[in-house]
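Here is a short briefing for a reader new to this structure. Please look over the sequence and the model first; the notes on individual residues follow.

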Amino acid sequence: MMAVADVDRLKSKIRDVPDWPEKGVVFKDIMPLLADPEALKETIDLLGDWAEERKPDIVIGGEARGFFIGSAIAYKLGCGFVPARRPGKLPLETISVEYALEYGKNSLELQADAFRGGTRALIHDDVLATGGTSKAMAELVEHLGGQVVGIQFIIELDFLHGREKIADYDLFSLIHY
């Protein structure tokens with residue numbers, strides 16, 4: 001289990017950006033965490049250790065910040081990585097789902113042939129806010145016949161209660177606000 005001091009050290013690498021992407025939203029910027037070699041390694045190791053116990057075949061990373069750590073976790077575990085992208089970013093046939101954000105709506109797509117039915121998928125995203133993005137990725141995985149073995153986050157915004165939307169899944173968040 002991770003010590004509180006470790007969480008506090010990682011938390012200190014995340015900065016608030018007020019009123020972005022729109023007024024009233026406080027964006028959690030993980031770029032200082034990504035730029036710090038020790039904090040980056042510790043983040044990947046901690047999330048990777050949690051993920052390893054779930055034995056995924058692939059990691060699904062949410063656009064765009066979920067790509068950074070999600071692909072590193074896939075590498076650490078020796079499994080594949082599949083990006084969940086915004087519409088129009090993937091070639092060939094795709095499947096898509098629309099979801100609500102804390103400040104609007106969006107949609108995500110997977111390539112229709114991203115993996116085979118029965119694939120064990122771990123979903124990684126940077127922040128759990130309202131749960132819409134994660135729920136959308138889980139729906140995409142399940143639509144393709146995959147099994148969601150866990151959903152993990154660097155940050156969870158507890159006050160938005162996003163965990164409730166995805167409570168049926170095995171969840172882990174490294175840092176809570």
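Glycine 132 is placed in helix 5, which covers residues 132-143. The model is predicted.

**Glycine 132**
- Glycine 132 counts as buried because its relative accessibility is 3%, and buried means under 20%.
- Leaving aside residues up to four places away in sequence, glycine 132 touches Tyr99, Ala100 and Lys165.
- Alanine 121 is eleven residues from glycine 132 in sequence, and their C-alpha atoms are 18 Å apart in space.

**Helix 4**
- Helix 4 runs over residues 65-77 and has 13 residues.
- At 1.5 Å a residue, helix 4 should span 18 Å, and its end C-alpha atoms are 19 Å apart, so the two values agree.
- The buried residues of helix 4 are the glycines Gly66 and Gly70, the alanines Ala72 and Ala74, the isoleucines Ile69 and Ile73, and also Arg65 and Phe67.
- After helix 4 comes glycine 78, which has a positive phi, near 70°.

**Glycine 117**
- Glycine 117 sits in the loop that joins strand 6 (104-111) and strand 7 (120-128).
- Glycine 117 is exposed because its relative accessible area is 57%, and exposed means over 50%.
- Glycine 117 touches Leu144 and Gly145, when residues up to four places away in sequence are not counted.
- Glycine 117 and glycine 145 are 28 residues apart along the chain, and 4.1 Å separates their C-alpha atoms.

Conventions
Residues numbered from 1 in each chain as written. Predicted model: local features only at pLDDT ≥ 70, side-chain atom pairs only at ≥ 80, totals over all residues. Heavy atoms only, no water. Helix = DSSP H or I, 4+ residues; strand = E, 2+ residues; numbered from the N terminus. Buried < 20%, exposed > 50% of the residue type's maximum accessible area, 1.4 Å probe, protein only. Contact = heavy atoms within 4.5 Å. Expected span 1.5 Å × (residues − 1).
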